[in-house]
Amino acid sequence: PDETLANLGIDAGRLDHVLDGYVPPSSPSSPGVQSARDAAHRTHAWDLRHFSATVSRYLPHLADPARRALVAAVADACATPAFVAASATFRRGLIHNDLNDANVLISSEGPHGRRRARPTVSGIIDFGDMVHTWRVLEVSTAMAYAALSRPEDHGTFRVAAV
């Protein structure tokens, strides 16, 4: 499992490196459909660059006052001039933005049908949340999903074996 996480980190870096050279088309493929370029540069609820504004809209819906205060404090911290100034220096690029156990394919099969000793990442699917944002969010999002795994996994990433 730890090795699978390490492989995912490596593959996420490779994916982002490839995406660095990708320029989404500026014209939509169908009338009335947003272009891929516009979609990549949209304000997306899952783009943590907009965390403070996004979360602030939903704070009233958190019933637990202690949790509401904690989330508000984090949102406030992300809106401070110091954080805004520091984050302006973060490297930006097109990222997948949703590397979770439903979107990462794992295989134990190697070349020519041979079984590998350890499973490896064999594919990444679902690019619907792709966005142009801080590059560091790719790995932090994957880490957050890994931390949400079942307690019996001890924080390791559960992945779909194919």
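A pocket is found on a 1 Å grid over the protein atoms alone: it is an open set of points where a 1.4 Å probe fits, with protein on both sides within 12 Å along at least five of seven lines, and its lining residues have an atom within 4 Å of a point. Grid points are joined across faces, edges and corners, and a volume is the space filled by probe spheres set on the points.

This is a predicted model, in which local features need pLDDT of at least 70, side-chain atom pairs count only at pLDDT 80 or more, and totals for chains, interfaces and linings use all residues. Residues are numbered from 1 along each chain as its sequence is written, and side-chain values use heavy atoms, with hydrogens and water left out.

**The largest pocket**

Helices here are DSSP runs of H or I with at least four residues, strands are runs of E with at least two, and both are numbered from the N terminus. The lining comprises nine nonpolar, five polar and three charged residues; Ala, Val, Leu, Ile, Met, Phe, Trp, Tyr, Cys and Pro count as nonpolar, Asp, Glu, Lys and Arg as charged, and the others, Gly among them, as polar.

**The second largest pocket**

Which helix gives the most to the lining of the second largest pocket? Select H5, which supplies three residues. H3, helix H4 (65-78) and helix H5 (81-87) each contribute at least two. The lining includes Leu 48, Phe 51, Val 74, Phe 83 and Trp 134, and the volume is about 180 Å³. By class, eight of its residues are nonpolar, two polar and two charged.

**The hairpin**

Now select strand S2 (residues 104-109) and strand S3 (residues 115-124), which run antiparallel and are joined by five bridges; two strands pair if DSSP finds at least two bridges between them. Val 104 has Ile 124 of S3 as its bridge partner. Five residues lie between the strands of this hairpin, and His 112 in the turn has a positive phi of about 60°.

**The whole chain**

From the N terminus on, the elements run α-α-α-α-α-β-β-β-β-α-β.
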